[in-house]
Amino acid sequence: MIKLEPNEEIITFVRKHWFVMFSEGVILMFMAILPPILILIANTYLKLNITTEAFFFALSLYGMWLMFIWILFFLAWTDHYLDAWIVTNKKIINIDQRGIFNRKMTTMQLDKIQDTSIKVEGILATFLDIGDLVVQTAGQNVKIIFKSASQPYQKKEIINNIQNQQI
Amino acid sequence: MEGQVFSMMTELVSPLFLWAGFLLVAFFTAIASLILLYHWYRFNTSRQMVITAGIVYLSGVIVLNLIIIISIIIFTVTS
């Protein structure tokens, strides 16, 4: 859990859009259903003599394959879930989770933010409300980018509103 | 001839091979589960979300382990 300062409260979270996780899920789903499809095709054309023994042998191997996919899915979900921006009434905490063991955390005070911008590119991104959220601080020319953020317009609005309240 | 290939393959495989495979998978699953649960516990932003994810994840692991164990037991009995 993130430790906050006294009088600091979490306003919102910026996370990657669900479609990013959905795309990874579709690939994993395809990997999961591929073995039975291949066996069905092989059975149709090669007339495999699948006995009870052979069926349970294949099922045990398929179970192991599914276990591998299940773990991969939750590794992807963990990456998706832990990669976030936590917007509080005082700062933005940028958590950059890359895989499981690479984690970078940077903090940006709201009064130091000079510019907030968004970049929405493409038809899918426009209709699904996906975009890159870019925050730039004054002076140091430090820029933090959150790629494929969910509801970028709304999040930009929230950050601007908190910033205006601070001023 | 083609039809016999699949059953010939299962005849060549000893149940011991499958049990060894299962133990290997169980070992790596246990390590992966510990890593995942540690990350969720340490870096979570919502306890409710993590509890739900943990229950779903562990339920899936239990179900898949049962499928593997039952399949290997039936394979051992029938072979």
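This is a predicted model: local features need pLDDT of at least 70, side-chain atom pairs count only at pLDDT 80 or more; totals for chains, interfaces and linings use all residues.

Biologist: Which strands pair with E3(A), residues 91-98, and in what sense?

Modeller: Pairing is read from the bridges between strands. E2(A), residues 84-88, pairs with E3(A) in the antiparallel sense over four bridges. E3(A) and E4(A), residues 102-109, also run antiparallel, joined by eight bridges.

Biologist: Which residues stand opposite each other?

Modeller: A:Val87 stands opposite A:Ile92 of E3(A). Further along, A:Ile95 has A:Met105 in E4(A) as its bridge partner.

Biologist: How many residues lie in the hairpins?

Modeller: The hairpin from E2(A) to E3(A) passes through two residues. Between E3(A) and E4(A) there are three, and in that hairpin A:Gly99 takes a positive phi near 70°.

Biologist: Is E3(A) mostly covered or mostly open?

Modeller: In a regular strand, side chains alternate between the two faces of the sheet. As for E3(A), seven of its eight residues are buried, so the strand is mostly covered.

Biologist: Which residues form the nonpolar patch on the surface?

Modeller: Among them are A:Met29, A:Phe30, A:Ile33, A:Tyr45 and A:Leu46; the whole patch has about 910 Å² of accessible area together. A:Leu46 belongs to helix H1(A), residues 18-46.

Biologist: Why does A:Leu46 count as partly exposed?

Modeller: Partly exposed covers the range between under 20% (buried) and over 50% (exposed). A:Leu46 has 42% relative accessibility, and therefore counts as partly exposed.

Note on methods: Residues are numbered from 1 along each chain as its sequence is written. Chains are lettered from A and ligands numbered from 1 in the order in which they are written. Side-chain values use heavy atoms; hydrogens and water are left out. Buried means under 20% relative accessible area, exposed over 50%, partly exposed in between (1.4 Å probe, protein chains only). Patches are made of residues with over 30% relative accessible area and no salt bridge: like charges are joined within 9 Å, nonpolar side chains (Val, Leu, Ile, Met, Phe, Trp, Tyr) within 5 Å. Accessible areas come from the Shrake-Rupley method with a 1.4 Å probe; for residues, only the protein chains shown count as cover. A salt bridge is a side-chain nitrogen of Lys or Arg within 4 Å of a carboxyl oxygen of Asp or Glu.
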